[in-house]
Amino acid sequence: MTTLMRFTIGFASLFLLLNCQTTERISMKEIFLNGSERFVDDTIFFTNCRVVKLELTENSALKRLSKVVLLEDKIYILDKAQKSVFLFDSLGHYVKRIGKRGMGPGEYLDIYDVAIDYDKSLLAFLCNKSIFYYDYSGEFIKKEDLPIDAVELAIENGYKHLALFGEDQQGYDILTVSPENKKSFKQIPSGRIPVKHLTSCFRFSSGNKIYFVQLFENQLFEVDSENCKPLLRFNLGKYALPEEMLNKEWEVDDFSIEYRKHNYIFAIGNLTAANDYFFFASNQPGVFAYKKTIEQLTVNTIINREYNFHFSNIGYQISDNNKIIFSIAEGQLSGLLDMRDNKPEYLTQKARSLLATEEEPNPILFIYDVK
């Protein structure tokens, strides 16, 4: 008998205490979650599944799949554990590691995020109060200083949108910097934050339009060079963090016990903005799908029948061509390899072929077109 396998590409978390902030709730359309988590075939939402096994070489071993960027025939992988960006071709063959860590010209100390400047056809690394620009082949172009430290970056029409967190927020979630850094302005007042939750999710989407999701408040905004337009507030029903938890200051341990007891959701992110859908993940298992035409929000475990794999979270990605990415990496990959070695009968033939290697492979990407 084949055993169904469920993969959670987790929201790794670190908690630090922060004073509770309160702001007036922004007026926007409220969307209610329709039912509990359901198990659905990938063909309900997606088509044209492409499986990419990232090549493992002496120079391309990945430690943490932090973000995936699909661009033309290239795949860029941000690995925050190694503070590096790896370039693979569309088939998963390793090409090179982009940039160099250090203190010299053109060198960086850390990478927080990767974005695409489509107008200038450049790859942008968000580093310590600066942006490092590279061409699509990975050659260094220039460094640009920023007025503030930020944790995420999105670029449209030359405007750089910087997601803020912690001490740099100053009451706002986004600082937008105009082309050539001529001016900057703050956007989206910070929501209520009962504890400071640093999570591996990303709050910006990307593509022809940029969207931003607000932690704890579960709110979605459209971001442009003029303003941030409030779009939707997702009401997650019994999974939503209660008002009494949002409106008080929590010790980290107490907050953790309470949200785990009730399976509350307090962080949404990794937003995929497709033509007809918004997909996002959270701190709990489940792929949230909002269908725009019927204004319906569901939470799903996605089943790939060919490999008999279950996907219950979304990878961290940039793609402007109506695609979505799921990945098998780290703990999930180790569990599969253990099954391959000890209980191979639980794997389909396709799964066994995919995992046929003597050593632990690099992450495996499942790239779909969204219907």
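## Terms and model

Helices and strands here are DSSP runs, numbered from the N terminus; a helix has at least four residues (H or I) and a strand at least two (E). The model is predicted.

Asparagine 263 sits in the loop between α2 (252-262) and β22 (268-273). Its phi is positive, about 55°, although asparagine 263 is not a glycine. At 42% relative accessibility, asparagine 263 is partly exposed.

Asparagine 48 also calls for a look. Its phi is near 55°, a positive value in a residue other than glycine. Asparagine 48 belongs to strand β5 (residues 46-53). Is asparagine 48 buried or exposed? With a relative accessible area of 53%, asparagine 48 is exposed, because the cut-off for that class is over 50%.

## The nonpolar core

In soluble globular proteins, nonpolar side chains tend to be buried together. Here the largest nonpolar core has 29 residues. Phe46, Phe279, Phe309, Phe326 and Phe366 have the most contacts inside it. Strands and helices both contribute: β23 (277-282), β24 (287-291), β26 (309-311), β28 (323-328), α3 (330-342), α4 (349-354) and β29 (364-370) each supply at least two residues of this core.

Which residues does phenylalanine 46 contact, once neighbours within four places in sequence are set aside? They are Phe279, Ile302, Ile324, Phe326, Tyr368, Asp369, Val370 and Lys371.

## Around tyrosine 290

Tyrosine 290 lies in strand β24. Its relative accessible area is 4%, so tyrosine 290 counts as buried, the cut-off being under 20%. Residues up to four places away in sequence aside, tyrosine 290 touches Ile31, Leu232, Phe234, Asp276, Tyr277, Phe278, Glu295, Gln296 and Leu297.

One of these partners is Asp276. Tyrosine 290 and aspartate 276 are 14 residues apart in sequence. In space, their C-alpha atoms are 8.5 Å apart.

## Salt bridges

How many salt bridges does a search of the whole structure find? The count is 12. Aspartate 369 pairs with lysine 323, with the closest N and O atoms 2.4 Å apart. This pair links distant parts of the chain: aspartate 369 is in strand β29 and lysine 323 in strand β28, 46 residues apart. Aspartate 369 is also among the contacts of phenylalanine 46.

Lysine 96 bridges to glutamate 139, the closest N and O atoms being 3.1 Å apart. This pair too links distant parts of the chain, 43 residues apart. Lysine 96 is in strand β9 (residues 94-98), while glutamate 139 is in the loop between β12 (130-134) and β13 (140-145). Both partners are partly exposed: lysine 96 at 23% relative accessibility, glutamate 139 at 44%. Lysine 74 forms a salt bridge with aspartate 73, with a closest N and O separation of 3.2 Å. Aspartate 73 is partly exposed, at 43% relative accessibility.

## Cavities

The structure holds 5 cavities of 30 Å³ or more.

How values were computed
Residues numbered from 1 in each chain as written. Predicted model: local features only at pLDDT ≥ 70, side-chain atom pairs only at ≥ 80, totals over all residues. Heavy atoms only, no water. Core = buried A, V, L, I, M, F, W, Y, C linked by side-chain atoms within 4.5 Å. Buried < 20%, exposed > 50% of the residue type's maximum accessible area, 1.4 Å probe, protein only. Contact = heavy atoms within 4.5 Å. 1 Å grid on protein atoms, 1.4 Å probe; cavity = no way out; pocket = protein on both sides within 12 Å on 5 of 7 lines; lining within 4 Å. Points joined across faces, edges and corners; volume = space filled by probe spheres on them. Salt bridge = Lys/Arg side-chain N within 4 Å of Asp/Glu carboxyl O.
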